[in-house]
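Hi,

Here's the structure I promised to pass on. Have a look at it first, and then read my notes below.

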Amino acid sequence: MAGGEDDVVRPPEAPPMIRRFRTDPFQLVGLAFIVGIPILALAGVFGMSRAEVAARDGGLELTVRYVDRLRFGQTYNLEILVTNVGRQAFDTLTVSIDPAYLHGFINATWTPSPTQAHKVDLAGPRPGEGRLIVIALRADRYGRHTGAVAATAGGDTARVVLSTLVFP
Amino acid sequence: METVVRVAVLYLFLMLALRVMGKREFSELTPFDLVTLILIPDIVQEALIREDYSMTNALVALCTLFTLVFATSLLSHLSERMENVLGGEPTVLVYRGRFIEDHMNHQRITPDEIYSELRRVGLERIEQVKWVILEPDGRISVIPVRQEDELEQSSERHRSTT
């Protein structure tokens, strides 16, 4: 209050009360939901979650690094690594992705470029060598998208199944 | 998720900034205030959601905002101290017909504005007023002098002279 007038210049105060938190069960359920969402978000439930799956058949090893959970509109790189773990060189290597999986995404950009729809043919890796295929994807349909990635070379076929959940 | 932190930071910043701006800005919007309030959402939108226009992100942002609003309201209700910190205290601008200039300068309120409030409640002169109080929500309350107050005042003056 202004210079020395504190005691005088103070409007009558409201009487005190015992302050408590009171709510009804219906409101409590709503509050739990509202407070729960940011807590789950902080815990990473709605964020992008990376996963890795691998399979081996004969001298062919297939490792796929992908995202098993992301939000609508987010982009990620699907990485497919095929390694020759055998003793013989392969002539050609074919890597294909199930169209059902790609259906949930748009702007699929392949590196190297696909030779056919959802498929890429590469020179077969020599023993100990690997081939990396990267596909940039942007989530366009919410829901779960499942499909297989297969690598075929020299009569061996390694296959893994991917499953990605896109939040709306 | 990053959105929770972004909403929380901007909420706290905006709350602090609006608190610092003063009570008056909440009540009567000048053209400048209006432009400021219109621009704020545009400025913070990018910072809040960046390029993530998913429903999930919007839901997380809204729930974070509602949680902060609820937490602020609960804190303010449970603690009188927090209530004063978050909402502010009433400020006396006029007491018994006298301007409290220090408070008026602090709140950037002129005598003309106070007279305008007096006329709104049908009073002409400052002597007719016991209290003029700037409430925490920015409104101005005018409490006129009642007859009993005048009698009490004159008897006090009489006592002090004898």
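A quick definition before anything else: a residue counts as buried if 20 or more other C-beta atoms lie within 10 Å of its own, as exposed if there are 12 or fewer, and as partly exposed in between. Also keep in mind that this is a predicted model. It scores ipTM 0.77 and pTM 0.73. For chain B, the mean pLDDT is 81, with 80% of its residues at 70 or more.

Let's start with α4(B). This helix has 24 residues, and from its first C-alpha to its last it reaches 34 Å, close to the 34 Å expected at 1.5 Å a residue. Which residues of α4(B) are buried? They are B:T56, B:N57, B:V60, B:A61, B:C63, B:T64 and B:T67. When you look at that list, remember that an α-helix has 3.6 residues a turn, so residues three or four places apart point the same way.

Next, the place where the chains meet. Here 27 residues of chain B are in contact with 24 residues of chain A. On the chain B side, the elements that give two or more residues are α1 (2-21), α4 (55-78), β1 (91-95), α6 (101-107) and β3 (129-134). Sorted by type, the chain B side has 17 nonpolar, 8 polar and 2 charged residues.

In soluble globular proteins, nonpolar side chains tend to be buried together. The largest nonpolar core in this model has 36 residues, and those with the most contacts inside it are A:L62, A:I80, A:V82, A:V95, A:A151 and B:V60. Strand β2 (residues 60-71) of chain A gives the most to this core, with 6 residues. There's also a second, separate core of 15 residues, which includes A:V9, B:L93, B:Y95 and B:I100.

Most residues other than glycine have a negative phi, and most peptide bonds are trans. The bond from A:T111 to A:P112, though, is cis, with omega near 0°. A:P112 sits in the loop between β5 (105-111) and β6 (119-123) of chain A, and A:H118 is found in the loop between β5 and β6 too. Phi of A:H118 is positive, near 60°. Is A:H118 buried or partly exposed? It's partly exposed, because 17 other C-beta atoms lie within 10 Å.

Over in chain B, B:R96 has a positive phi near 45° and lies in the loop between β1 and β2 (98-99). B:R96 has 14 C-beta neighbours inside 10 Å, so it counts as partly exposed.

Cheers

How values were computed: Residues are numbered from 1 along each chain as its sequence is written. Chains are lettered from A and ligands numbered from 1 in the order in which they are written. Two residues are in contact if their C-beta atoms, placed from the backbone, lie within 7 Å. Helices (H or I, at least four residues) and strands (E, at least two) are DSSP runs, numbered from the N terminus. Ala, Val, Leu, Ile, Met, Phe, Trp, Tyr, Cys and Pro count as nonpolar, Asp, Glu, Lys and Arg as charged, and the others, Gly among them, as polar. A nonpolar core is a set of buried Ala, Val, Leu, Ile, Met, Phe, Trp, Tyr and Cys residues joined through C-beta atoms within 7 Å. pLDDT is the predictor's confidence in each residue, from 0 to 100. The expected span of a helix is 1.5 Å times one less than its number of residues.
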